[in-house]
Amino acid sequence: MKRKTITRKIKKLIVLDVIFSLIVFPSTIAMAEANPSIPKIISREDWGADESKMTWEAEYADIKTFIIHHTASTTLKEDSDGSGKYKEMVQNIYNYHTNGKLWKDGNGSSYTGFGDVGYNYLIDPEGNIYEGRDGGNGVIGGHASGFNEGSVGISVIGTYQEDSNYDANKLSNSILTSLGKLIGWIAANNNININKTIEFKGKTIDGVVGHKDVTATLCPGNVLYDELGDIQSTAYSYSKEYKNHLYQIKGKDAIYAISGGYKIKFDSKDALPSTYKDKEIEYITKSQLAAYEYKDIKKYPDGTLLQEIGENTVYYLQNGKKRPLGATETEFMSLGFSKDDIIDVLESDLDIYETGDKILFGPEGTLIKDADANVYYIENGKKKLFTSAQLFEHLGYSWTKVKADANAAYYLEGDIMRYPDETLVRAAGASDVYLMNNGKRRKFISADLFLKLGYKWKDVIDIDESEINRYQIAGNVIYPDGTLIRTTNGSTVYLVQNEQKREITSETLLKKLGYSFANVVEIAPENLSDYANGARATYPDGTLIKTKTSAAVYQVEGSAKKEFTSLNLFNAIGAKWSNVIEIEDGEMALYTTGGTVKYPEGALLRQNGGSKIYVMKNGTANWISSAEEFLAAGYKWSAVMDIEPLEMKLYVDMPEIPAEEKKEEVSEDDTTDEKEDVEEEQSADDENVSLGEEPNIRVALTSSTEDNIIITADGNYSVKYYHADGTNYKTVNKTAGQNTVVPYFNWDKYIRFVPESDNVILQVLSYNDAYQYGSTAYNDNRFRGVIELKYSSVSNKLWVIEDVPLEDYLRGISEATTRTDSEYLKAFAIITRTYAMNYIVKGGKHTGEPFMLKNSRNGNGNDQQYKGYSFEMRSPTTANSYGQTEGQVIEYNDKPIVAAYSSDSGGVTKDACQVLTPNYCTEDYAYLRGGIKDPENTVHNASSIAASHGAGMSATGAYQMALNGSDWEEIIKYYYPGVEIEEYY
């Protein structure tokens with residue numbers, strides 16, 4: 001097969017003539033003491049790979065690490081020929097990976113089959129090793145998405161996860177021995193130190209890791225994973241020993257060495273270099289030898305350390321020459337070198353380099369002069385040049401201590417001696433002044449800045465231009481912390497802090513921070529980029545802010561705004577209206593919503609209409625269980641505050657989640673769904689729902705066709721396993737923060753995650769409903785109630801279903817627009833409740849599925865936009881609208897209506913019979929005949945009109961009605977003529 005090389009870095013060999021042997025360390029290969037047999041690898045031909053199925057062209061990369069897997073096979077079946085091998089299982093895995101399995105690439109695209117097996121090697125329960133991915137040494141496999149390039153994937157056949165859900169196969173000594181030998185042999189052949197941690201694809205990892213170290217998975221199972229440390233140690237020992245091996249094909253004269261990922265051929269044993277004469281020669285199969293390409297002789301770059309195999313002298317490449325390095329081991333380290341940097345090469349490789357001067361270690365801390373009168377300071381064995389007599393004297397050195405040194409030419413050159421930090425320099429005859437910092441120079445952009453920083457002109461040193469050019473320019477000197485700056489052509493004012501510019505968003509904020517416009521420094525526009533962008537300046541913690549257009553008041557905390565949920569709360573913390581600052585809407589929008597202000601510690605709360613009294617402790621409401629407890633604590637009945645039910649809910653383990661800017665949504669635009677609405681309603685059995693009590697609703701949050709589902713909670717919860725008939729056969733109790741990973745399944749059993757109490761919120765970690773607000777990302781994957789995992793044979797998907805009381809579900813719906821008028825929001829609350837109740841009555845919208853509605857996020861259907869608990873917490877105003885209309889449902893002819901609505905009708909609502917489907921042409925849907933005019937002063941939006949069907953309630957018109965003084969019932973009955981509002985529970 002033709003090989004396509006994409007990242008393979010072929011090691012370049014460099015060689016230098018040896019003048020004398022001065023150094024140092026014995027060759028790595030020469031250090032081997034034992035000679036274990038190499039691992040025997042069963043070739044693809046021998047285990048029966050059908051190469052006609054293999055379509056994946058080989059690509060290559062340098063090997064950096066080893067990733068260990070298990071195949072998770074539940075049944076282990078030995079070949080029937082009594083050989084003790086598992087060739088048939090390897091064939092099945094090959095066929096599945098090649099043509100059967102559904103894969104996803106790093107971009108999220110799905111496809112069937114790799115065109116080859118994804119693992120580089122497989123090991124069976126008896127320790128037999130099988131060649132996997134076709135292509136030989138360094139071929140890129142497909143075993144760990146995002147981490148395939150540069151890794152060797154080795155998979156042990158079987159399941160090695162042991163927990164309440166799995167029984168592990170036995171991990172035999174044969175498996176462990178084969179893993180150690182295989183990893184050690186490949187590491188030796190590629191000059192890899194597997195005992196050294198590396199930076200790999202953005203992670204710091206060991207030389208041998210498990211699949212779970214790079215990807216969210218249980219692989220390779222906890223039983224195998226726990227052995228990886230010993231496997232790595234064993235493999236490292238083998239790798240050192242395998243470096244002492246040479247190889248020969250039985251019956252052939254040629255001898256081969258394998259190093260750096262390549263093979264080197266010698267025609268016979270007699271042709272071996274003297275350094276190879278005593279090495280162990282072992283037979284190798286053709287297929288194992290064929291895995292390595294022949295090495296090309298290429299030069300290494302300057303700075304490389306080379307050592308002839310079996311010799312002691314180390315050479316340093318400089319200016320294309322090899323310089324023999326004479327130093328003790330301590331001096332070698334002081335020069336900045338490491339043994340691991342030395343590359344073993346053949347004598348013939350060294351011969352291509354001309355020999356340069358030897359390298360000696362300079363006398364530490366001395367001042368020397370070479371034959372050309374250049375003066376140096378010796379540090380860590382290297383000579384550091386003084387670039388001028390002026391620098392020498394500025395640094396405080398004495399000329400009397402400078403000694404001529406005949407060996408100066410043999411010392412390596414280090415960095416030049418430099419002017420110290422804070423030195424002020426200027427090129428002779430020039431005007432620009434620079435400040436020395438970390439061996440670089442920074443320019444003063446103005447005399448004002450120079451003086452503002454407290455520097456004096458008399459301290460500026462004039463030096464030669466050629467000397468100043470030795471120092472790289474590292475930008476400009478910037479104004480100190482606390483300075484206010486703006487550009488000469490701009491109006492935005494910035495505060496300088498930690499070399500960053502922080503925008504001050506208003507004059508009000510500037511004054512609140514104690515600054516004055518009189519202190520603002522103007523700079524050239526091009527100099528603004530000298531300052532990195534920092535976070536906007538914000539009002540200090542505790543500042544009270546509101547906009548001129550809204551009654552909502554917020555308190556600033558940690559650069560976020562927290563809303564006061566009631567006047568009671570405002571007064572309870574001792575806030576004063578005279579301290580509230582009014583700011584513009586645009587400035588308010590810059591503050592992330594950080595939840596709500598909380599009642600202070602020790603505040604006594606009672607829900608309106610309720611009898612239980614709570615005391616605030618550590619941000620939560622704690623129930624006082626009796627009058628005796630109340631009085632014993634010294635509380636007074638007169639101090640008890642009555643608050644609304646939804647406000648009380650905020651104090652039960654409430655996380656402070658920043659809110660998002662709510663987007664306008666348009667429901668019921670999908671004509672296919674509308675047709676289902678009518679057909680299903682005609683056949684619905686109204687007796688399935690018992691009115692008078694709040695029902696539960698089952699909502700499909702997300703689904704999977706292959707991936708694991710991962711769930712956790714912020715409190716204790718139980719994982720309950722059920723047979724198809726509803727019989728509970730196992731329960732596992734979990735604590736707060738403890739994850740449960742459920743692999744994909746497609747059987748008729750199901751699993752339910754049950755919180756210990758209503759205060760515990762479940763989180764689906766494997767579900768991503770990301771939302772970006774400013775520079776901060778959030779994920780709406782937290783939900784109330786019970787979560788159930790159930791497979792559907794209708795859609796062939798494993799569904800994650802929330803089973804939750806209807807009102808709790810409604811508070812997480814994000815259908816309402818950014819408009820916040822309370823009557824408008826109440827109308828929307830009743831519409832969304834009616835929509836849900838319509839399908840609860842009918843037993844669900846999606847025939848045959850184990851849920852009633854879908855969470856219409858990320859392409860998951862066209863039901864209702866639902867974000868769950870996080871949305872409820874960051875949008876209490878919207879959520880409160882549901883509590884104020886609890887149980888209210890719109891009916892027509894004694895049935896919940898199809899509450900169609902649109903963003904903007906354009907002025908007059910449309911006939912659903914004309915714009916949706918003919919199913920709406922019957923008298924059952926007379927409330928959707930259209931012709932309802934929006935109020936005259938309604939503000940319309942062309943893009944919303946274009947995207948809307950126009951049937952049912954017009955959101956823009958309803959909002960205008962609310963502004964005009966209509967209540968929610970008037971709005972609903974206006975847009976849905978002939979309907980009634982009924983209290984269902």
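Modeller: Contact here means heavy atoms within 4.5 Å. The model is predicted, so local features need pLDDT of at least 70 and side-chain atom pairs pLDDT 80 or more, whereas totals for chains, interfaces and linings use all residues. Residues are numbered from 1 along each chain as its sequence is written, and side-chain values use heavy atoms, without hydrogens and water.

Biologist: Which elements do the buried residues of helix α24 pack against?

Modeller: Helices (DSSP H or I, at least four residues) and strands (E, at least two) are numbered from the N terminus. Helix α24 spans residues 955-963, and seven of its nine residues are buried, that is, under 20% relative accessible area with a 1.4 Å probe and protein chains only. Those buried residues are Ala955, Thr956, Gly957, Ala958, Gln960, Met961 and Ala962. They pack against α19, β61 (901-902), β62 (953-954) and α25.

Biologist: How is α19 oriented to α25?

Modeller: Axes are lines fitted to C-alpha atoms, for helices over the stretch in contact, and angles run from 0 to 180 degrees between N-to-C directions. On that basis, α19 (residues 822-842) and α25 (residues 968-975) have axes 8 Å apart and an angle of about 55°. Because angles under 35 degrees count as roughly parallel, over 145 as roughly antiparallel and 65 to 115 as roughly perpendicular, with the rest oblique, α19 is to α25 oblique.

Biologist: How many nonpolar, polar and charged residues are in the contact of α19 with α25?

Modeller: Glu823, Lys826, Ala827 and Ile830 of α19 meet Trp968, Ile971 and Ile972 of α25. Ala, Val, Leu, Ile, Met, Phe, Trp, Tyr, Cys and Pro count as nonpolar, Asp, Glu, Lys and Arg as charged, and the others, Gly among them, as polar. The contact therefore divides into five nonpolar, no polar and two charged.

Biologist: Is Ala947 buried or exposed?

Modeller: Ala947 belongs to helix α23 (residues 942-947). The cut-off for exposed is over 50%. At 54% relative accessibility, Ala947 is exposed.

Biologist: How far apart in space are Ala947 and Ser902, C-alpha to C-alpha?

Modeller: In sequence, Ala947 and Ser902 are 45 residues apart. In space, their C-alpha separation is 8.7 Å.

Biologist: With which side chain does the side chain of Ser73 make a polar contact?

Modeller: Ser73 is in the loop between β4 (65-70) and α2 (87-100), and its 14% relative accessibility makes it buried. A polar contact is a pair of N or O atoms within 3.5 Å; within protein, one must be able to donate a hydrogen and the other to accept it, and residues adjacent in sequence count only if both atoms are side-chain atoms. At 2.7 Å, the partner of Ser73 is the side chain of Thr71.
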